[in-house]
Amino acid sequence: MNGLKPSMETILFNKIFIESDLIDDSITKQILERLPKDSEKKVHLIDRYDEIFGKVKKPYLEKRKNLNLFIAKKKGSLVKEAPAAYGLGREKHFYFINSYNCIYECEYCYLQGFFSSPDIVTFINWNEIKEEIIKVANENHNCWFHAGEFSDSLALSHITGELSRFHQLFKDLPHAKLELRTKSINIKEALTLTPLDNVIFSFSISTEESCKEIDLKTPPLKHRLKAIKSLQERGHTVGLHLDPIIWTPDWSEEHQNLIHQISQEIDLTQISYLSLGVVRFTESVYHQFQKNYPESTIHQGEFKRSFDNKVRYPRALRQKMMLFLRDELTKKGVQKKIIYDCME
Amino acid sequence: MILLTFAHRLEAKAFLSYFKDLKAHPVYKNLYISEKDQLALLLSGEGILSSATSLSSACTLLPNLKKVINLGVAGALNPSFKVGDILIGKIAYASKSSESKNMQFKSFPLEELLNEFSSYDIVSAEERVLNTSEKKYLSHFGDLVDREIWGLAYSANQFNIPISSIKIISDSKDDEEFCQTVKDSALKFSNDLLSFFLEYISVKEINVKKSEITDFEKYFSSHPNIFLTTAQKNLLRKFSKKIKLTDQLISETEEIINRHIEKRPKDISKHVFDFFEKLYSPTIYHLNQVARESIFSLNSPQIKFSPDPIFESPEISFSGKLKNEKHKDEIISKIKCLKIDEWSETINGDHLV
């Protein structure tokens, strides 16, 4: 993968909070080794991450200059059932909680209204999370697991070292599937792993304009497409999420270009699934979005409170946009049966 | 007008001497006002409660208040700060009780004051003297500790007035004789804050800060042929977030106005707002029009049809009154006229341009 380095290879955390009883954990040591050299000076030992994280409302945009890292143990439920309309088919979907928050700054991101802090929390009690995944997988054959419900699955994997652990687990769980959802091009490690049919790398893709103006700090579209191509060539299973689809005065042209660019770079007949999702917000996230990004181009769209109280474009517009994209994708050889609407 | 706030008179001493026109308010003695300088000064007292209540009182007495700047001493929670450093506040946090590791959830972003300086988070502490473990806990949230900024920011937020903070470090992280040091050096700290203030802050510039009203809003709210109700004024503000004032918009709107120039300004504004509604929300405008033509037009005293009000479901509900056979026939014929499939297509975006 020449030239395709993670866009935030050196993550600069302001403070690194570590739960005292994890200081000697091998994963903690590994993470500290992978952070910039002076990171140990930034370490604050704490009893529990939730004595600090979430105790105060830390403004979301503080992630730009004042981002902290928490190395912690996840308590409570480690695996949760995903909401309806989450994936393709009738299998059950679950997500496991390996971290909170993301280094990227997508203007529509629901994390801005979900947690009261943008700080990154990485949960390193993998053995407990793993046990729970095995239990759920055995009770729900052919179910799906998603990493990255509250974070990007790959963006920090070169620091957390999670990817090889996930891979090893799902190698032994062929009756369950794992989706690693990302906007990152941090695939160096993935390319060294043996492809597994049940481990799917899925990429969220937006128009070139969107990647530049809205998906702040994320890799540009062409880099994401190159990363997908490399994974495909290595034999990995890949899924695509054209999500969120955002209206602009030139939305049809921009999305036509996007699909053209995708088809030029990727073998669309080899895509495992492709989801379409039009931009949507819960009311509280919409409020935060308006506050954080008053000048965003997303405001050009017509937002209304929808059937489920989420803020969306009117159904007529959503359906029109999705139908257009479906048509364009099928023209490029994507099978209709692998396309599904997300959260509609 | 700008309001400068200090916890104690000693911290404000240099300012009170420098701004000679500051006169004590006739009733509220801790508030000083200089009409000439468009400046006021408040001695807020120490602690979150005192600072919040005194700023609230000042805000009600100063109707033209544009900005609050808090100045004063703060303790360092960040070991890299030295006594005498002057720092700009970024976010105000507060402890409920640092001993029991209890924080106020709410925080208040402070308005950026000077781009050339870094800014830092401030925690307002509940207690005056902190032990090492309390300082350590607060250092997880902020770089400085004071006694009032959170309370001041709370009040300023209630009045929607921007607030900034300039702090001078009075004790380092490991200092234990906190109060004594402050008292001894208070005048020096006050002089240093004044020098900093005079060098970097322009009271005049803050007072003439540009208004946030858009050109679109300005143009149409003062148009001689349009009369706006209060609800329409609010709508205009909503529209102004998306519709920009361009030559084309002006010419299209003027054409609408001229077409209806014989009507009352109130009625003209209805036509203009209909046009804005179409620009602001074209899909909903289109759906409303189709609903008017193909659904509401069938309404009669016997039957009333109503589509889903948020246009999410293609279902059409109806209610009616039956008194005789004739009504029954009328209702049946109206229902037969309803083109449900066409409406369903419309809801699914089929006829959207």
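Colleague: How many bridges join strand β5 of chain A to strand β9 of chain A, and do they run parallel or antiparallel?
Modeller: In this predicted model, three bridges join β5 (residues 93-96) of chain A to β9 (residues 144-147) of chain A, and the two strands run parallel. Two strands pair if DSSP finds at least two bridges between them, and strands (E, at least two residues) and helices (H or I, at least four) are DSSP runs numbered from the N terminus.

Colleague: And which residue is the bridge partner of A:Phe94?
Modeller: That partner is A:Phe145, in β9(A).

Colleague: What order do the strands of the open sheet have?
Modeller: The eight strands follow the order β4-β5-β9-β10-β11-β13-β14-β17 in chain A, with mixed pairing. Because β4 (79-81) and β17 of chain A stand at the edges with a single partner strand each, one side of each has no neighbour in the sheet.

Colleague: Changing topic, which element of chain A has the lowest mean pLDDT?
Modeller: Strand β17 (residues 339-341) of chain A has the lowest, 90, whereas β3 (residues 69-72) of chain A has the highest, 98; pLDDT is the predictor's confidence in each residue, from 0 to 100. Chain A averages 93, and 96% of its residues score at least 70.

Colleague: How are the residues and chains labelled, and what cut-offs apply?
Modeller: Residues are numbered from 1 along each chain as its sequence is written, while chains are lettered from A and ligands numbered from 1 in the order in which they are written. Local features need pLDDT of at least 70 and side-chain atom pairs count only at pLDDT 80 or more, whereas totals for chains, interfaces and linings use all residues.
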